[in-house]
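Open the structure in your viewer and keep the selection tool ready. We will go stop by stop.

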Amino acid sequence: MKDELSPVVDPIDTALKAPEPRGNYLSYPASRLGAKIIPQDLTNFKSRGVSRVERELQQEMLEIQERYMEVIDAFNWNKLIYESLFGFEPVCGEVYHLYDVNGKRHLSMIEPEKWHQRWIGSFRLNADGRWQIEKTAKDFDIRQWVQTVVQS
């Protein structure tokens with residue numbers, strides 16, 4: 001009588017409720033009859049991935065380095081101009097000219113064609129106070145100037 005009232009236990013239900021992993025989810029065969037698992041050779045995949053990522057990161061580093069040098073050059077130009085001699089307050093949007101007069105830097109409104117001093121470059125003052133390069137002399141290198149100033 002007890003057998004008639006007890007529920008029928010399904011073996012699949014007990015296997016699903018089991019705490020240990022089932023055989024079809026294991027990364028290795030659970031029995032000798034299981035399919036042989038052969039690990040893949042991932043050498044080619046890894047080497048392709050490494051070389052591709054290295055190329056991309058190298059390119060990114062070059063771009064960052066170029067941008068860094070542009071910022072450093074802009075900083076040095078602004079430093080050079082702000083440390084030069086000028087007796088007027090520059091107006092935003094106007095172009096001014098930087099000269100080397102007897103070893104001293106002078107910012108002037110006089111155009112290079114009208115003043116026969118060593119012209120370094122022409123610059124425009126932006127609203128944020130930065131000097132934007134309009135044109136520079138071919139014989140003046142800002143990086144060389146920085147090295148000369150640092151060494152002295």
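**Stop one: the hairpin**

Select N102: in the hairpin of strand 1 and strand 2, with two residues between the strands, N102 takes a positive phi near 55°. Strands here are DSSP E runs of at least two residues, helices are H or I runs of at least four, and both are numbered from the N terminus. This is a predicted model: local features need pLDDT of at least 70, side-chain atom pairs count only at pLDDT 80 or more, and totals for chains, interfaces and linings use all residues. Residues are numbered from 1 along each chain as its sequence is written, and side-chain values use heavy atoms, leaving out hydrogens and water.

Now show residues 95-101 (strand 1) and 104-108 (strand 2). They pair in the antiparallel sense over five bridges; pairing takes at least two DSSP bridges. Pick Y99: H106 in strand 2 stands opposite.

**Stop two: S84**

Move to the loop between helix 3 and strand 1, where you find S84. Is S84 buried or exposed? S84 is buried, at 7% relative accessible area. Buried means under 20%, exposed over 50%, and partly exposed in between, using a 1.4 Å probe and protein chains only. The S84 side chain reaches the backbone oxygen of I81 at 2.5 Å. S84 also touches L98, R105, H106 and L107, leaving aside residues up to four places away in sequence. Contact means heavy atoms within 4.5 Å.

**Stop three: two helices**

Select helix 3 (residues 43-82) and helix 4 (residues 142-151). Which residues of helix 3 and helix 4 make the contact? Helix 3 gives M69, D73, N76, W77 and L80, and helix 4 gives I142, R143, W145 and V146.

Definitions and conventions:
Axes fitted to C-alpha atoms, helices over the stretch in contact; angles between N-to-C directions. Polar contact = N/O pair within 3.5 Å; in protein donor to acceptor, adjacent residues only side chain to side chain.
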